[in-house]
Amino acid sequence: MSSSDPTVQPVPISVVEQVDAADVTLSNPKRAVISLGSNLGNRLEILQGAIDALEDTPGLRVKAVSPVYETDPWGVEPGTQATYFNAVVLIKTTLPPSSLLERGHAIEEAFERVRDERWGPRTIDVDIVAYQDVVSDDPHLTLPHPRAHERAFVLVPWNDVDPQAEVPGRGAVAGLLAAMGQEGVRVRTDLELRLPE
Ligand SMILES: Nc1ncnc2c1ncn2[C@@H]1O[C@H](COP(=O)(O)OP(=O)(O)OP(=O)(O)O)[C@@H](O)[C@H]1O
Ligand SMILES: Nc1nc2c(c(=O)[nH]1)N=C(CO)CN2
């Protein structure tokens with residue numbers, strides 16, 4: 001349309017700036033790292049269901065899926081809970097961190113996760129391990145995840161899918177792992193999670 005068309009109203013510069021900012025967000029997806037854990041029900045099916053649900057999220061693409069690990073429950077008395085299956089996925093998303101957390105909670109609800117005790121058994125846990133290089137101590141969404149750097153069940157699969165990864169503010173994943181070891185984290189080469197198509 002010609003700029004001399006008298007029916008066209010000028011667009012305020014503030015609106016132009018907002019639209020430009022939204023365009024940049026849409027064309028500039030962010031990297032995030034998600035940890036998945038399950039120690040109740042059909043653990044493999046549940047992990048795959050959570051991965052598929054992430055991929056079905058508008059504005060989110062799953063880019064890499066780690067091998068499956070069977071891991072001893074962390075943070076509880078030995079022998080009081082079933083072992084976990086854990087995996088890490090790398091995603092790209094145009095969602096802001098708060099929306100990604102909401103989506104994670106919705107997926108937990110879809111798998112009927114019950115929250116009654118801290119670190120209690122669960123069908124699925126969806127944790128946001130990192131979102132770009134964001135560092136935040138907001139208790140509602142702490143970034144990176146406040147305990148990721150001390151959990152081999154997160155660092156081992158994360159290192160598989162991104163050997164160069166860094167935990168923002170804490171150092172290289174590979175270095176943290178070398179210092180901590182991999183006790184209680186066993187790869188299950190007989191099992192596989194699919195990267196959604
Ligand atoms: N990076 C994060 N990822 C997921 N939840 C987070 C994060 N930071 C803070 N939270 C908050 O933690 C709350 C409790 O999360 P959740 O019930 O999954 O804890 P948990 O899995 O039992 O333990 P942990 O946090 O040690 O993994 C969530 O409701 C959420 O608001
Ligand atoms: N092995 C293992 N232990 C845990 C896990 C988990 O995913 N794997 N999640 C917890 C709370 O998020 C507490 N303990």
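1. Start with the shell around ligand 1: by class it has 5 nonpolar, 3 polar and 5 charged residues. Here Ala, Val, Leu, Ile, Met, Phe, Trp, Tyr, Cys and Pro count as nonpolar, Asp, Glu, Lys and Arg as charged, and the others, Gly among them, as polar. Ligand 1 is surrounded by 13 residues, and the closest are Asp-125, Asp-127, Ile-128, Thr-142 and His-145. To be near a molecule, a residue needs its C-beta atom, placed from the backbone, within 6 Å of it. Strand E5 supplies the largest share of this shell, 3 residues.

2. Before going on, keep in mind that this is a predicted model: local features need pLDDT of at least 70, side-chain atom pairs count only at pLDDT 80 or more, and totals for chains, interfaces and linings use all residues. Residues are numbered from 1 along each chain as its sequence is written, while chains are lettered from A and ligands numbered from 1 in the order in which they are written.

3. Now ligand 2. Its shell splits into 5 nonpolar, 4 polar and 2 charged residues. Among the residues around ligand 2 are Trp-74, Tyr-84, Asn-86, Trp-119, Asp-125 and Phe-153.

4. Strand E1 (residues 30–38) is largely enclosed by the rest of the structure, because 7 of its 9 residues are buried. Buried means 20 or more other C-beta atoms within 10 Å of the residue's own, exposed means 12 or fewer, and partly exposed is in between, with C-beta atoms placed from the backbone. Strands (E, at least two residues) and helices (H or I, at least four) are DSSP runs numbered from the N terminus.

5. What does E1 pair with? Antiparallel to E1 runs strand E4 (residues 84–93), joined to it by 9 bridges, and E1 also pairs with strand E5 (residues 125–131) in the antiparallel sense over 6 bridges. Pairing takes at least two DSSP bridges between two strands. Ser-35 stands opposite Val-88 in E4, and its bridge partner in E5 is Asp-127.

6. Helix H4 (residues 152–161) is mostly covered, with 8 of its 10 residues buried. Phe-153 and Trp-158 are among the buried ones. The cover includes E1, E4, E5 and helix H5 (173–180), going by contacts, meaning C-beta atoms, placed from the backbone, within 7 Å.

Key. Two residues are in contact if their C-beta atoms, placed from the backbone, lie within 7 Å.
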